[in-house]
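Good morning, and thank you for coming.

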Amino acid sequence: MTLPEAAWESVAERTWDAVVIGAGPAGAVAARQLALRGARVLLVDKKPFPRPKVCGACLNGAGLQVLESIGLEALPARLGGVPLDGLRLGIAGRFQEIPLPGGMAVSRSRFDEALVGAAVDAGARFLSDARASIADATADARHVRLTRRDRATSVSARVVVAASGLGGIGPADGLALRTRVERRSRVGSGCAVVDFPAFYRTWTIFMAVGKGGYVGLVRVEDGSLNAAAAFERRFLRASGGPAVAAARVLSESGFPSVPALGEAEWRGTVALTRETRPVAGERVFLIGDATGYVEPFTGEGMAWALMSAQAVESLAARAIEGWDPALARSWSITHDRLLAGRRRTCRAAALLLRSPRLASLAFAASSRLPGLTRRIIEHVNDAPALNLRVES
């Protein structure tokens, strides 16, 4: 699809109800929901679209529930998304099959583009290949600086929603942001290949666990195999790059090798596990990965993004009507209630996977206690009910 984009001249020096920075799942959904309320919304992304992303390409049950609740339940299937019914875990040559209560695999380039298209259809304006930085706040607006190659301009917004991903939003006047990166945080790497063993069947997420990290593989809508990995930084350097690191992890896990990974175009990320505080300030709300991230499994990353976008909608709409500092406090509380417990679960899993010995013990325990494993999977696949109120 070809996204209709706003002309630079049409967005410059204007006042918007909302400027949304970052057009991933969190930003695109937030822009769409606000536009559906009649708000004048500008959605900005620093990359030209469509663009690839390092991502597991999996939507879990919670993510699909959010899409259903906002009327986009048909979107993944319309894109040709592959239904998921199981996770195959490989550790030290031993395999375990874990049923999944729903899910779908779809490439991020197509999914993000479709969500931006839905935002545009709802009335939002979209500007890609433009960097946005948050400037000062005045009595009735927050200023945002936009730059695109040799052009620069300033716009104003009643509220700014920052969904700018792992890289954060950069300095923002009056917002003392602090990002804490976990010392042992792994880095992400990803690619897609079209030539791979038949072992990697459709409908299944394959998770290979090794001493230096893990590699997730899943078939997506065009038949290719999407690979998304989290590697220890020293392991990645010692391997000479992500292709060799992935091959080593697959070998340790007992999964078949994928020679095409050696010729693939790999992309990387900054350190994955991080936390940014505060998540709100005067006329600014942070959502999605801009608030923090934990190495996820079975599609939590996109689900967290979609949940935060849905949750911030009503608070951002109130901010457009008139700013109240209580809105920032309310988002901080709501955000933690929504995601803190889920991220703790993933953090515990990530720490467990760093030790093959502990992972093997957990592997054995989960085989004897399948009900416990099922409850954990059901927990991360269920979207919570939202009960939002402004904390005074």
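Let me begin with a question: over the ring of which residue does the charged end of R14 sit? The ring is that of W16, and the charged end of R14 lies 4.3 Å from its centre. A charge counts as sitting over a ring if NZ of Lys or CZ of Arg is within 6 Å of the ring centre and within 35 degrees of the ring normal.

Some ground rules come next. This is a predicted model, in which local features need pLDDT of at least 70 and side-chain atom pairs count only at pLDDT 80 or more, while totals for chains, interfaces and linings use all residues. Residues are numbered from 1 along each chain as its sequence is written, and side-chain values use heavy atoms, with hydrogens and water left out.

Now the chain as a whole. It has 11 helices and 21 strands; these are DSSP runs, numbered from the N terminus, with helices (H or I) of at least four residues and strands (E) of at least two. Of its 392 residues, 58% count as buried. Buried means under 20% relative accessible area, exposed means over 50%, and partly exposed lies in between, with a 1.4 Å probe and protein chains only.

I turn to the aromatic residues. The structure holds 12 aromatic pairs. Rings of Phe, Tyr and Trp (its six-membered ring) pair if their centres lie within 6.5 Å; planes under 30 degrees apart count as stacked, over 60 as edge-to-face, and the rest as tilted. The centres of the F95 and F199 rings are 6.1 Å apart and the planes meet at 50 degrees, so this pair is tilted. Because F95 belongs to strand β6 (residues 94-99) and F199 to the loop between β13 (187-193) and β14 (204-210), the pair ties together parts that are 104 residues apart in sequence. F95 is partly exposed, at 32% relative accessibility, and F199 is also partly exposed, at 23%.

F95 has a tilted pair with F255 as well, at 5.1 Å centre to centre and 45 degrees between the planes. F255 lies in the loop between α7 (242-253) and β17 (267-271), so its pair with F95 of β6 ties together parts that are 160 residues apart in sequence. F255 is buried, with a relative accessible area of 4%. F95, F199, Y200, F206 and F255 form one aromatic cluster.

My next subject is strand β15. How many of the seven residues of β15 (residues 213-219) are buried? Seven of the seven are, so the strand is largely enclosed by the rest of the structure. In a regular strand the side chains alternate between the two faces of the sheet. Here G213, V215, L217 and R219 point one way, and Y214, G216 and V218 the other way.

What are the neighbours of β15? Strands pair if DSSP finds at least two bridges between them. β14 pairs with β15 in the antiparallel sense over five bridges, with G210 opposite G213, and a hairpin joins the two through two residues. β15 also pairs with β16 (residues 225-231), antiparallel over seven bridges, where A230 is the bridge partner of Y214. This second hairpin has five residues between its strands, and G223 in the turn has a positive phi of about 90 degrees.
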